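Subject: Structure for you to look at

Dear colleague,

Here is the structure I said I would pass on. Please open it next to this message; my notes come after it.

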Amino acid sequence: SRRVGGANYQIPYQVKGDRRLSLGLRWLIQAAHARKGKTMGHRLKDELLEAAKGEGGAIKFKMNVERMAEANRAFAHFAR
């Protein structure tokens, strides 16, 4: 977020390197943790299999982040 002229704008930017990996792993673990009924190992396995198919909670979260970045693309010129 950046405050410009009394308004707060969310500025989209490309995530680089190690942060991209750590965000992806964090989203996978959080989505597996949100599942119910099995051991964490089984939930993580199921989440990884669904992510490989393009489904699951981690992929939904990723798509929401990308959708928000696309919606705020008009504010990219405020980045610097």
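This is a predicted model: local features need pLDDT of at least 70, side-chain atom pairs count only at pLDDT 80 or more; totals for chains, interfaces and linings use all residues.

Residues are numbered from 1 along each chain as its sequence is written, and side-chain values use heavy atoms, with hydrogens and water left out.

Helix 1 with helix 2

Helix 1 covers residues 17-34 and helix 2 covers residues 40-53. (Helices are DSSP runs of H or I with at least four residues, strands are runs of E with at least two, and both are numbered from the N terminus.) The two pack at an angle of about 120°, and their axes are 8 Å apart. That angle makes helix 1 oblique to helix 2. (Axes are lines fitted to C-alpha atoms, for helices over the stretch in contact, and angles run from 0 to 180 degrees between N-to-C directions. Under 35 degrees is roughly parallel, over 145 roughly antiparallel, 65 to 115 roughly perpendicular, and the rest oblique.) The crossing of helix 1 and helix 2 is right-handed, meaning that the near helix is turned clockwise from the far one by less than a right angle.

On the helix 1 side, the residues in contact are Leu28, Ile29, Ala31, Ala32 and His33; on the helix 2 side they are Met40, Arg43, Leu44, Glu47, Leu48 and Ala51. Contact means heavy atoms within 4.5 Å. By class, the residues of this contact are eight nonpolar, one polar and two charged. (Ala, Val, Leu, Ile, Met, Phe, Trp, Tyr, Cys and Pro count as nonpolar, Asp, Glu, Lys and Arg as charged, and the others, Gly among them, as polar.)

Helix 1 with helix 3

Helix 3, residues 57-71, packs against helix 1 at an angle of about 130°, with the axes 8 Å apart. Helix 1 and helix 3 are therefore oblique to each other, and their crossing is right-handed. Trp27, Leu28 and Ala31 of helix 1 meet Gly57, Ala58, Phe61, Lys62 and Val65 of helix 3. This contact has six nonpolar residues, one polar and one charged.

The nonpolar core

Which residues make up the largest nonpolar core? There are five: Leu23, Trp27, Leu28, Ala31 and Ala58. Helix 1 supplies the largest share of this core, four residues. (Such a core is a set of buried Ala, Val, Leu, Ile, Met, Phe, Trp, Tyr and Cys residues joined through side-chain atoms within 4.5 Å; buried means under 20% relative accessible area, exposed over 50%, and partly exposed in between, with a 1.4 Å probe and protein chains only.) Leaving aside neighbours within four places in sequence, Trp27 is in contact with Ala58, Phe61, Lys62 and Val65.

Single residues

- Asp46 is in helix 2 and counts as buried at 15% relative accessibility. Not counting residues up to four places away in sequence, Asp46 touches Arg35 and Lys38.
- Ala52 is also in helix 2, but counts as exposed at 69% relative accessibility.
- Phe61 is in helix 3 and is partly exposed, at 41%. Phe61 and Ala34 are 27 residues apart in sequence and 13 Å apart, C-alpha to C-alpha.
- Tyr13 lies in the loop between strand 2 (7-9) and helix 1, and is exposed, with a relative accessible area of 63%.

Regards
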